[in-house]
Amino acid sequence: MRSWFREGDGHWRNGWKALGCVVLAAPLVVGLAMLQQQLPATVRPFVPGAFAAFLGALLANALCLRLERQPLASIGLSGGWRWGRDLGLGLLGGIVLLGAVALAVHGTGGFHLEPAAVRDGSLIIKAAWMMLGVALFEETLFHGYVFQRAIRGMGTRWAQVVLSVIFCLAHPFSTEMAGSTRAVAMLTTVLAGWMLGLCYLRTGRLALPVGVHMGWNWAMGCLGFGVSGNESKGWWTPVFHDRAEWLTGGSYGLEASVGSIVVLGAAVVALTLWKGLPQAEVPVLPVSDGPGHPPALGAGEA
């Protein structure tokens, strides 16, 4: 039984480490989300539930790293000017990717945009703040300690497969959606998870995936589309034409459009071909190519 739980040197297997982090994160995220609801009404808008969830995921990561005597910087949360640079580039990249999807669907006659009835700039700022919290939470949870220990345990490719599927299943897909629309939305979400994983692997920092994640969601909300099925209030309102829902995405948002599959698929290919930053700029993280294989250098080389 020892071999199921521990390596030959006595250390816990990476799979159990990853699972332990998830088990630890669940009550922390739920508990802090409940505490956030108890904040005064005047304070609550400045501390969205997404930031409470992020704090829970961050604490779980920090506690697991503490047991290994590793700093948060070891999972790509180092801060500094490079972190800020990657965050900004990711934000721009996410907006460009979403814009490409919107242009593609618009070009096929899928919708047109009309000005929203209320165009309040504060709504856009609040949406950006909330989407930053969402991106920080999901990237810390899905591409932080759990993802990186999965890489050490099963290799990069399988870690990408497993975490991308889990990332997809963690998103809500209404049973009222047509089967074809749901299939497109699920495939898009798997591709998004894979792309965000590559963003970490090519930089060794969580800043780029956080920025891309935030930019994509924020741009979609600003255009008035649903964000993973959640209603948004932007500066525009999309008016859908008589086209198939798997093309326009419908109320779920552009993530349920086949255009997202094309754009995200191209992004995955581009990131796969990109060699990432020079190794001198990438934190060195031991990565196993699979059980029984020696670790390779640097997440940026994966």
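Trainee: In which loop does serine 228 lie, and is this residue buried or exposed?

Mentor: Serine 228 belongs to the loop between α9 (207-222) and β2 (236-240), where helices (H or I, at least four residues) and strands (E, at least two) are DSSP runs numbered from the N terminus. This is a predicted model, in which local features need pLDDT of at least 70, side-chain atom pairs count only at pLDDT 80 or more, and totals for chains, interfaces and linings use all residues. Residues are numbered from 1 along each chain as its sequence is written, and side-chain values use heavy atoms, with hydrogens and water left out. Buried means under 20% relative accessible area, exposed over 50%, and partly exposed in between (1.4 Å probe, protein chains only); because its relative accessibility is 9%, serine 228 counts as buried.

Trainee: What is the phi of serine 228?

Mentor: Serine 228 is a residue other than glycine, yet its phi is positive. The value is near 55°.

Trainee: Arginine 69 also has a positive phi. Is arginine 69 buried or exposed?

Mentor: Arginine 69 is found in the loop between α3 (49-67) and α4 (81-107), and its phi is near 60°. Because its relative accessibility is 79%, arginine 69 counts as exposed.

Trainee: How are helix α2 and helix α6 oriented to each other?

Mentor: Helix α2 (residues 14-37) and helix α6 (residues 145-154) have axes 8 Å apart and pack at about 165°. Axes are lines fitted to C-alpha atoms, for helices over the stretch in contact, and angles run from 0 to 180 degrees between N-to-C directions. Angles under 35 degrees count as roughly parallel, over 145 as roughly antiparallel, 65 to 115 as roughly perpendicular and the rest as oblique. α2 and α6 are therefore roughly antiparallel.

Trainee: Which residues of α6 make the contact with α2?

Mentor: Contact means heavy atoms within 4.5 Å. From α2 come Asn14, Lys17, Ala18, Cys21 and Val22. Those of α6 are Tyr145, Val146, Arg149, Arg152 and Gly153.

Trainee: What is the orientation of α7 to α8?

Mentor: The axes of α7 (residues 156-169) and α8 (residues 179-201) come within 8 Å and cross at roughly 135°. That angle makes α7 oblique to α8.

Trainee: What share of the residues of the chain is buried?

Mentor: The chain has 11 helices and 4 strands. Of its 302 residues, the share that counts as buried is 48%.
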